[in-house]
Amino acid sequence: MWRMGLAAALALTIGLGPAQGEDEDAARIVVAGGDLTEIVFALGAGDRIVGVDSTSNWPPEAAERAQVGYVRRLSAEGVLSLAPDLVIAAADAGPQVALEQLGAAGVTIAQAPEAATAGEIPEKIAFVGEAIGRGDEAAELVSAFEAAMATVREKVAQLDGNPRVLFILSVQGGAPLVGGLDTTAHEMITLAGGENAAASIEGYKPMNREGILAAAPDVILLMEQHATRMGGAETILARPEIALTPAGQDGRAITMEGMLLLGFGPRTPEAVAALARALHPESAAAVGL
């Protein structure tokens with residue numbers, strides 16, 4: 001999995017467009033990445049955002065901004081029509097040719113470092129703060145984030161048991177696509193006091209009937225949007241390979257809004273707490289979670 005540190009990300013920013021560093025003059029910002037949009041708003045600069053991608057669904061005010069399409073399928077023409085000074089893009093934003101066209105047109109491109117773990121989120125917050133000239137606010141947000149994560153971790157450590165959780169991203173070719181090691185789904189399950197039932201695989205891969213039965217999940221975890229697309233949690237639980245698992249027999253499925261669950265932004269402590277409560281309904285209240 002590709003990752004880059006803050007220094008490398010800033011170097012990429014300079015390479016794709018005019019170097020601005022802390023840019024208090026970027027009055028028109030386009031953001032491609034829901035987590036980055038959340039950070040810009042959290043830093044008090046949401047009024048400078050003129051366009052967002054389709055994953056930017058929080059806070060609600062983001063819906064009032066112009067849409068520039070899906071983060072991995074950006075159109076240079078569409079972005080340029082908003083006359084941005086700065087584009088803040090996720091690590092996997094693209095296509096690369098679109099980013100190069102924007103840079104050639106004189107737009108600064110700040111491509112953020114990837115955050116696949118909660119521990120990497122502060123670096124992403126600091127990056128955005130640097131890009132928009134809100135370094136002090138970013139430092140405050142990092143402190144608040146780290147304090148909230150520490151509190152959640154402490155409470156999760158007191159919960160009883162580690163239910164086996166199978167995250168299903170989608171169903172492709174008849175086989176569920178599940179989240180194994182080195183995925184944000186794995187990180188969230190672990191943070192919330194669960195055990196990833198798909199830890200025998202790496203990345204997001206299809207899992208056949210035998211694999212799912214052997215995984216024996218206690219809980220099925222789904223993103224709300226994808227669950228709806230697949231016919232709802234009840235439809236997933238009724239699938240033959242899942243109905244025979246402990247999760248299927250107990251009817252245990254958890255759905256969460258996708259960006260909250262896997263976005264790895266400022267709301268991650270909230271997401272971990274919500275997932276932990278759902279995984280441990282008997283003991284969560286006892287520890288004040």
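D35, L36, I39 and V40 of helix 2 meet K124, I125, V128 and I132 of helix 5, where contact means heavy atoms within 4.5 Å. By class, this contact has six nonpolar, no polar and two charged residues. Here Ala, Val, Leu, Ile, Met, Phe, Trp, Tyr, Cys and Pro count as nonpolar, Asp, Glu, Lys and Arg as charged, and the others, Gly among them, as polar. Helices (H or I, at least four residues) are DSSP runs, numbered from the N terminus.

The model is predicted: local features need pLDDT of at least 70, side-chain atom pairs count only at pLDDT 80 or more, and totals for chains, interfaces and linings use all residues. Residues are numbered from 1 along each chain as its sequence is written, and side-chain values use heavy atoms, with hydrogens and water left out.

Two helix pairs are listed below. Axes are lines fitted to C-alpha atoms over the stretch in contact, and angles run from 0 to 180 degrees between N-to-C directions.

| Pair | Angle | Axes |
|---|---|---|
| Helix 2 and helix 5 (residues 121-132) | about 60° | 10 Å apart |
| Helix 6 (residues 135-156) and helix 14 (residues 268-279) | roughly 15° | within 9 Å |

Helix 6 and helix 14 are therefore roughly parallel to each other; angles under 35 degrees count as roughly parallel, over 145 as roughly antiparallel, 65 to 115 as roughly perpendicular and the rest as oblique. Helix 6 passes helix 14 in a left-handed crossing, whereas helix 2 and helix 5 cross in a right-handed way. A crossing is left-handed if the near helix is turned anticlockwise from the far one by less than a right angle, and right-handed if clockwise.

On a 1 Å grid over the protein atoms alone, a cavity is a set of points where a 1.4 Å probe fits but cannot get out, and a pocket is an open set with protein on both sides within 12 Å along at least five of seven lines; lining residues have an atom within 4 Å of a point. Grid points are joined across faces, edges and corners, and a volume is the space filled by probe spheres set on the points.

The whole structure has one cavity of 30 Å³ or more. About 40 Å³ of space lies in the largest cavity, and its lining includes D35, E38, M259 and T268. Helix 2 (34-42) and helix 13 (258-262) each give at least two residues to that lining.

The largest pocket has a volume of about 1100 Å³. Of its 36 lining residues, Y70, R72, D92, M259 and L262 lie nearest its centre.
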